[in-house]
Amino acid sequence: MDEGMKQRELQGELSAAGLRLAVLVGRFNSFVTERLLSGALDALTRAGTSDVDIVRVPGAMEIPVAARHLAETGNYDAIVCLGAVIRGDTPHFDYVCAESARGVTQVMLETGIPLAYGILTVDSLEQAVDRAGLKSGNKGFDAAMTAIEMANLVKKIYGSSEQEVEKPTAPAVRTRAKGRTRK
Ligand code: INI
């Protein structure tokens with residue numbers, strides 16, 4: 001290893017103190033999504049958050065647009081997205097899965113605000129319940145921890161960039177996320 005090489009490692013802490021977070025939850029399959037929400041709130045409470053908004057939408061399809069508006073307020077460091085898409089007898093499942101995932105990714109990349117994807121896409125209610133606090137952990141808890149880590153990582157990236165590297169002029173996405181004026 002080059003002795004003179006300057007190495008830095010960046011990763012987000014798992015403390016939610018001082019973070020402003022939103023949890024976006026679909027009401028469709030609420031039997032499952034309310035359990036995901038409990039898991040997410042448990043994680044946020046244990047990580048020390050004192051500032052969380054819970055936002056409800058009809059289903060997973062509505063999560064991306066609501067996430068976009070929340071991100072654009074500039075009021076949140078990260079958003080936890082929770083939903084449950086359970087396979088039925090029609091191709092509807094495939095559209096809801098694909099579009100909610102694509103939409104969440106698009107919003108995240110366009111706004112620069114981390115969105116944690118806690119939308120279950122499963123074949124049965126049993127699989128969903130397993131992942132919402134039964135046999136396979138709670139994906140709401142996991143998504144909340146991801147949101148906390150990513151929010152802290154983004155803060156750290158911008159914080160450390162002030163001393164170490166030339167700071168980029170704020171990318172459009174960050175500027176947009178700082179708030180929007182509507183006519
Ligand atoms: N929404 C879900 O969150 N989960 C589902 O399993 C689901 N299925 O299977 O239909 C679902 N559909 C509703 C969708 O998210 C929209 O709310 C609806 O299509 C109106 O736009």
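A: Strands β1 (residues 21-26) and β3 (residues 78-86) run parallel and are joined by five bridges. Within this pairing, V25 stands opposite L82 in β3. The model is predicted.

Now the whole sheet. Its order is β2-β1-β3-β4. It is an open sheet of four strands with parallel pairing. The edges are β2 (52-57) and β4 (115-122). Each has a single partner strand, so one side of each is left without a neighbour in the sheet. On average, neighbouring strands are turned by 15 degrees against each other, direction ignored.

Next, the helix on the sheet. Helix α1 (residues 30-46) lies across β1, β2, β3 and β4. Its direction is about 155 degrees to that of β3.

Then the helix pair. Two packed helices are described by the angle between their axes and the distance between the axes. Here the helices are α2 (residues 63-73) and α3 (residues 92-111). Their axes come within 8 Å and cross at roughly 15 degrees. Angles under 35 degrees count as roughly parallel, and α2 and α3 are therefore roughly parallel to each other. Their crossing is right-handed.

Which residues of α2 and α3 meet? From α2 come I63, P64, A67, R68, A71 and E72. From α3 come E99, S100, G103, V104, V107, E110 and T111. By class, this contact has six nonpolar, three polar and four charged residues.

Conventions. Residues numbered from 1 in each chain as written. Predicted model: local features only at pLDDT ≥ 70, side-chain atom pairs only at ≥ 80, totals over all residues. Heavy atoms only, no water. Axes fitted to C-alpha atoms, helices over the stretch in contact; angles between N-to-C directions. Helix = DSSP H or I, 4+ residues; strand = E, 2+ residues; numbered from the N terminus. Parallel < 35°, antiparallel > 145°, perpendicular 65-115°, else oblique. Left-handed = near helix turned anticlockwise from the far one by under 90°. Contact = heavy atoms within 4.5 Å. Nonpolar A, V, L, I, M, F, W, Y, C, P; charged D, E, K, R; others polar. Pairing = 2+ DSSP bridges.
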